[in-house]
Amino acid sequence: MEKIKSVKAREILDSRGNPTVEVEITLDSGIKARSDVPSGVSTGTYEALELRDNDRQRYKGKGVLKATANVHNIIAPKITGMEINENLDAPGKFDEMMLNLDGTENKSKLGANAILGVSMAIAKVSAMSLNLPLYKYFNRDSKILPVPMMNILNGGTHANWQSTDFQEFMIVPWGAKNFAESLRYGAEIYHELKGLLKAKNFSTSVGDEGGFVVNVKSNEEPINLIIKAIENAGYEYYKDVGIGLDVAASGFYKDKDGKYELTRENLRLTSDEMIEKYEYLIKGYKILSVEDGLAEDDWEGWQKMNKKIGNKVTLIGDDLFVTNIERLERGIKEKSANAVLIKLNQIGTVSETMSAVNLAHKTNWKTIISHRSGETADTFIADFCVGMNIKLIKTGAPCRSERVEKYNQLIRIEEELGNKREFAGKEAFK
Ligand code: PGA
Ligand code: ZN
């Protein structure tokens, strides 16, 4: 059985030019793997803690040298020499050990960025030592390719509030026959949209996730633009390609009077009025999914929303659940939503992320794996998605290589699976 020879952490940059943690693990045999930790900006309050140095002299306080030091000084001495897993049950024993070393609720001692870097690298070297591709490490029988949810118009904080209040407008090519085709649909529509925006004298510059940043007057206007782009590309709206939204409502929820402030439309809405707005959009445009339609503490509103529209649309909790099993359990009990967004760095270990996915699937909730707005070239989520039987993936527009690399990895996996492969297609929303 192979042992861990060395654990090295380093400070690298993410796609926004901010520091993040990379961990490199080497085994006795010479097998070596690296993992990079992503970083969000419209983060949920209840996420595990991303440890930053707060030293204003470096990277405006965003350095991660404390986190890399924690890997070197606290985690590495414990796990060097340990045997890596022979079985396929993920990096369980390492994660448990790191949770014990940290000892806090939200990983604030070691930092979720330090812990997750190690956790993902362990999964990678374990797979390599078993001679398995990473997706098969999570399940040898994995065969389902996800439908991409491609964020082609960026708003909210991902566009510095120079675009819509709603954060993400995603195209969902669910009518394609396989993953590679769905990606082709998406890329063609993206280019059509670019042409359309240019013709209308809108800017075609892109936001953090590669979608266009457009100075429109409402949160509805992009839906019409995108439908036009879908049709211009030769596809039938809804039948071939649908639309999903990430409203990221915590970003414009005003605590002091409990109102949602839609600056683009000069509106201040209550929870009930927001729900009415979604009802209107779902009815008018057959929207497939609404993520974070309400704020992360508005449990009552979520319950109401799910009761009213949960049978017509996929309601995804991101900031609401933060991939945290306790928050997810509460949501399941209170029937707050019917789907959960999965982000490894919201919770900080691979095994806790797996538990959240498994709980959701057991409850017949949909799961969507997600990148962060600050990303790296690491394609871990592509493999994790297939391995965990997650049928939807959001990893940005078909633009900016930190986004496209994940999609490209899915093309490789699809090819490798050959005849065995299945494409989630419309089943992903059932
Ligand atoms: P974030 O946004 O990575 O900036 O948190 C992504 C999302 O809200 O889904
Ligand atoms: Zn979100």
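**Ligand contacts and helix packing**

An oxygen atom of ligand 1 lies 2.8 Å from an N or O atom in the side chain of His158, a polar contact being a pair of N or O atoms within 3.5 Å. The model is predicted, so that local features need pLDDT of at least 70 and side-chain atom pairs count only at pLDDT 80 or more, whereas totals for chains, interfaces and linings use all residues. Residues are numbered from 1 along each chain as its sequence is written, chains are lettered from A and ligands numbered from 1 in the order in which they are written, and side-chain values use heavy atoms, with hydrogens and water left out.

In the side chain of Asp246, an N or O atom is 3.1 Å from an oxygen atom of ligand 1. For Asp318, the corresponding distance from a side-chain N or O atom to an oxygen atom of ligand 1 is 3.1 Å. Ligand 1 is surrounded by 16 residues, of which Val41, His158, Gln167, Arg372 and Ser373 are the closest; a residue is near a molecule if one of its heavy atoms lies within 4 Å of it.

Helices are DSSP runs (H or I, at least four residues) numbered from the N terminus. The axes of H1 (residues 65-79) and H2 (residues 92-102) are 11 Å apart, at an angle of about 140°; axes are lines fitted to C-alpha atoms over the stretch in contact, and angles run from 0 to 180 degrees between N-to-C directions. H1 and H2 are therefore oblique to each other, angles under 35 degrees counting as roughly parallel, over 145 as roughly antiparallel, 65 to 115 as roughly perpendicular and the rest as oblique. Ile74, Ile75, Lys78 and Ile79 in H1 are in contact with Phe94, Met97, Met98 and Leu101 in H2 (heavy atoms within 4.5 Å).

The axes of H5 (residues 179-199) and H6 (residues 221-232) come within 8 Å, crossing at roughly 120°. H5 and H6 are therefore also oblique to each other.

Conventions. Helices (H or I, at least four residues) and strands (E, at least two) are DSSP runs, numbered from the N terminus. A polar contact is a pair of N or O atoms within 3.5 Å; within protein, one must be able to donate a hydrogen and the other to accept it, and residues adjacent in sequence count only if both atoms are side-chain atoms.
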